[in-house]
Amino acid sequence: SSGINAEYGGGRKPTPRQIFIFEKAVLFSKPVPPKKPSQSRKVSIAPSPKYSYKSHYHLSQLGLTRFVHDDNNSVQFQLSVYKKEQKNACESYIIQASSTSVRDRWVERIESLLISQLTILKSRDASHVL
């Protein structure tokens, strides 16, 4: 898995999220600010980051738009989530990366996983035809 710090908004005010991508799913989480150390307990080790789970989507539900507003220099890309249980329902998230190179790495990774998932689904469908 890999993570990206992102601002995302689905028609709402952009919200900071940590997004993790796995082989079959994308997970959205909210960073939890570290607690201030108490005076009685001084720790020299930096605390591990903590996250609050918000949502997750299977890659089979995702669509990807590399450039938002046809702007190659934008640090944004869009993930569209197609809801199978609600016919023709789609929710879009504008993801804002920290740089164009981070955006490009994420888009390439997601594209690669989506193609891999499509190949698996096609081979599975082909085996059912025989």
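Helices (H or I, at least four residues) and strands (E, at least two) are DSSP runs, numbered from the N terminus. This is a predicted model, in which local features need pLDDT of at least 70, side-chain atom pairs count only at pLDDT 80 or more, and totals for chains, interfaces and linings use all residues. Residues are numbered from 1 along each chain as its sequence is written, and side-chain values use heavy atoms, with hydrogens and water left out.

**View 1. Phe-77 sits in strand 6.** Phe-77 counts as buried because its relative accessibility is 1%; buried means under 20% relative accessible area, exposed over 50%, and partly exposed in between (1.4 Å probe, protein chains only). Thr-65 is twelve residues from Phe-77 along the chain. The C-alpha atoms of these two residues are 5.9 Å apart.

View 2. The protein chain has 130 residues, and 30% of them count as buried. Contact means heavy atoms within 4.5 Å. Among contacts between residues at least 6 apart in sequence, 49% join residues at least 24 apart.

**View 3. Strand 3 pairs with strand 2 and with strand 4.** Two strands pair if DSSP finds at least two bridges between them. Strand 2 (residues 15–21) meets strand 3 (residues 25–32) in the antiparallel sense, over four bridges. A hairpin of three residues joins strand 2 to strand 3. Strand 4 (residues 50–58) is also antiparallel to strand 3, and eight bridges connect the two. Val-26 is the bridge partner of Ile-21 in strand 3. In strand 4, the bridge partner of Val-26 is Tyr-57.

**View 4. Phe-28, Tyr-57 and Tyr-93 make up one aromatic cluster.** Rings of Phe, Tyr and Trp (its six-membered ring) pair if their centres lie within 6.5 Å; planes under 30 degrees apart count as stacked, over 60 as edge-to-face and the rest as tilted. By this rule there are four aromatic pairs. One of them, Phe-28 with Tyr-57, is edge-to-face: 5.9 Å centre to centre, 80 degrees between the planes. Phe-28 belongs to strand 3 and Tyr-57 to strand 4, 29 residues apart. Phe-28 is buried at a relative accessible area of 1%, and Tyr-57 is buried at 8%. The Phe-28 and Tyr-93 rings have centres 5.2 Å apart and planes at 40 degrees, so this pair is tilted. Tyr-93 lies in strand 7 and Phe-28 in strand 3, so the pair ties together parts 65 residues apart in sequence. Both Phe-28 and Tyr-93 are buried.

**View 5. The largest nonpolar core holds 19 residues.** Such a core is a set of buried Ala, Val, Leu, Ile, Met, Phe, Trp, Tyr and Cys residues joined through side-chain atoms within 4.5 Å. Phe-28 and Leu-62 have the most contacts inside this core. Two or more residues come from each of strand 2, strand 3, strand 6 (76–83), strand 7 (89–96) and helix 1 (100–129). Helix 1 gives the largest share, six residues.

**View 6. Gln-61 occupies the loop between strand 4 and strand 5 (62–65).** Gln-61 is buried, at a relative accessible area of 13%. Neighbours within four places in sequence aside, Gln-61 is in contact with Ser-80, Val-81 and Tyr-82.
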